[in-house]
Each structure stands twice: as C-alpha cells, then as structure tokens.
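Work through the exercises below with the sequence and the structure at hand. Each task is followed by a solution in steps.

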Amino acid sequence: MNPQQPSSVELGHVPPNVTNVRASPYPKLVVDVDTGDAWLDGKRLFLSARLGVVLTLLVKAQGRTVTCAALCAACEEDALIYARRIIGMTIYRLRKILGRDSIATRYGVGYVLLIPAEVVQSPPG
C-alpha cells in the first residue's frame with residue numbers, strides 16, 4: 001500500500017495530497033431514525049415534528065419511492081384531500097432545507113430522497 005494514498009476518503013472530504021478523487025456534490029445528511037433528529041454537513045437541523053417524520057420515512061426507504069398515503073398515515077392526517085396538500089408543503093420545506101434537487105416527485109405515486117443519507121440510532125436508555 002502506498003503511504004501517499006489514504007485507505008478511505010470521508011464523504012465530502014478530499015485530503016490535500018489526493019488529486020484524482022472528486023468530492024461528493026451532495027451535502028452530508030445524517031438522520032437519527034429513533035428521534036427524527038438530523039444534521040446536514042455537521043450542523044443540526046431544527047425540524048418540526050412533521051418534517052422529522054417525513055424525512056425519517058424518506059431516509060428509511062433508502063432510495064425507494066414513499067407513497068403519499070404512507071406519508072399521510074405517518075403524519076396522522078385523516079382528511080386525505082387536505083393531507084396531500086400538507087405533505088406537499090412539507091416536501092417543499094424539506095427541499096428548502098436540503099436543496100431543491102434533494103427530493104424527487106414521482107407524480108401520482110409519492111416522493112423519493114435523492115441524496116445519500118447516513119442512518120444512526122439513538123443508544124437505548
């Protein structure tokens with residue numbers, strides 16, 4: 001192993017002596033799936049309960065589409081006609097926080113998180 005090259009490169013960080021590695025274009029997102037707490041590039045995000053629930057579901061889906069009905073159920077919105085608007089506004093707010101291209105809309109189906117996220121769990125107790 002060449003001592004000039006590191007054995008691993010942290011997402012979003014390029015060591016000064018490595019020139020052929022491109023930094024990730026995505027921000028580093030870390031989400032605690034137990035509490036809904038989230039950090040973006042090391043800065044804690046202060047999210048409402050609904051934003052935390054929706055973000056957690058999108059992260060748990062690991063790149064798969066989450067239906068609007070599943071998001072409505074998780075947010076405990078009963079009136080579906082209003083719930084879809086509420087979910088739409090929640091996705092809008094998450095895009096403002098995470099970046100415009102962070103969440104894709106699958107029209108007629110739901111939403112999918114496009115940026116990679118690290119999932120952590122709170123220690124018990």
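**Exercise 1. Cysteines**

Task: Find the cysteine sulfur closest to that of Cys75, and decide whether the two are bonded.

Solution. 
- Step 1. The closest cysteine sulfur to that of Cys75 belongs to Cys72, at 7.2 Å.
- Step 2. A disulfide requires two cysteine sulfur atoms within 2.5 Å, so at 7.2 Å the sulfurs of Cys75 and Cys72 are too far apart for a bond.
- Step 3. Repeat this for Cys68: its closest cysteine sulfur is also in Cys72, at 4.1 Å, and that is too far for a bond.
- Step 4. By this rule, the number of disulfides is zero.
- Step 5. For the surroundings, take the cut-off for buried, under 20% relative accessible area. Cys75 has 14% and therefore counts as buried; Cys68, at 8%, is buried as well.

**Exercise 2. Confidence**

Task: This is a predicted model. State where pLDDT is under 50, and which elements have the lowest and highest mean values.

Solution. 
- Step 1. The protein chain has an average pLDDT of 77, and 71% of the residues score at least 70.
- Step 2. The stretch under 50 is residues 1-22, for which the model has 12 contacts beyond four places in sequence.
- Step 3. Among the elements, the lowest mean, 79, belongs to strand 7 (residues 117-120), and the highest, 94, to strand 6 (residues 110-113).

**Exercise 3. The sheet and the helix across it**

Task: Give the strand order of the open sheet of four strands, and identify its edges.

Solution. 
- Step 1. List the elements: the protein chain has three helices and seven strands, in the sequence pattern β-β-β-α-β-α-α-β-β-β.
- Step 2. The four strands of the open sheet are ordered 3-2-1-7, and their pairing is mixed.
- Step 3. Strand 3 (43-45) and strand 7 each pair on one side only, which makes them the edge strands.
- Step 4. From one strand to the next, the twist averages 25°.
- Step 5. Inside the sheet, strand 1 (residues 29-32) pairs with strand 2 (residues 38-40) in the antiparallel sense, over three bridges. Leu29 has Leu40 in strand 2 as its bridge partner.
- Step 6. Helix 1 (residues 49-60) lies across strand 1, strand 2 and strand 7, and runs at about 105° to strand 1.

**Exercise 4. Thr56**

Task: Is Thr56 buried or exposed, and what does it touch?

Solution. 
- Step 1. Locate Thr56 in helix 1.
- Step 2. Its relative accessibility is 9%, so Thr56 is buried.
- Step 3. A polar atom of the Thr56 side chain lies 2.7 Å from the backbone oxygen of Gly52.
- Step 4. Leaving out residues up to four places away in sequence, Thr56 touches Val31, Asp32, Val33 and Gly36.

**Exercise 5. Tyr111**

Task: Compare the separation of Tyr111 and Leu58 in sequence with that in space.

Solution. 
- Step 1. Tyr111 lies in strand 6.
- Step 2. Tyr111 and Leu58 are 53 residues apart in sequence, and their C-alpha atoms are 7.7 Å apart.
- Step 3. Beyond four places in sequence, the contacts of Tyr111 include Leu58, Arg64, Val66, Leu71, Ile87, Ile91 and Ile103.
- Step 4. With 13% relative accessibility, Tyr111 counts as buried.
- Step 5. Of the contacts between residues at least 6 apart in sequence, 49% join residues at least 24 apart.

Note on methods
Residues numbered from 1 in each chain as written. Predicted model: local features only at pLDDT ≥ 70, side-chain atom pairs only at ≥ 80, totals over all residues. Heavy atoms only, no water. pLDDT = per-residue confidence, 0-100. Helix = DSSP H or I, 4+ residues; strand = E, 2+ residues; numbered from the N terminus. Contact = heavy atoms within 4.5 Å. Buried < 20%, exposed > 50% of the residue type's maximum accessible area, 1.4 Å probe, protein only. Pairing = 2+ DSSP bridges. Axes fitted to C-alpha atoms, helices over the stretch in contact; angles between N-to-C directions. Polar contact = N/O pair within 3.5 Å; in protein donor to acceptor, adjacent residues only side chain to side chain.
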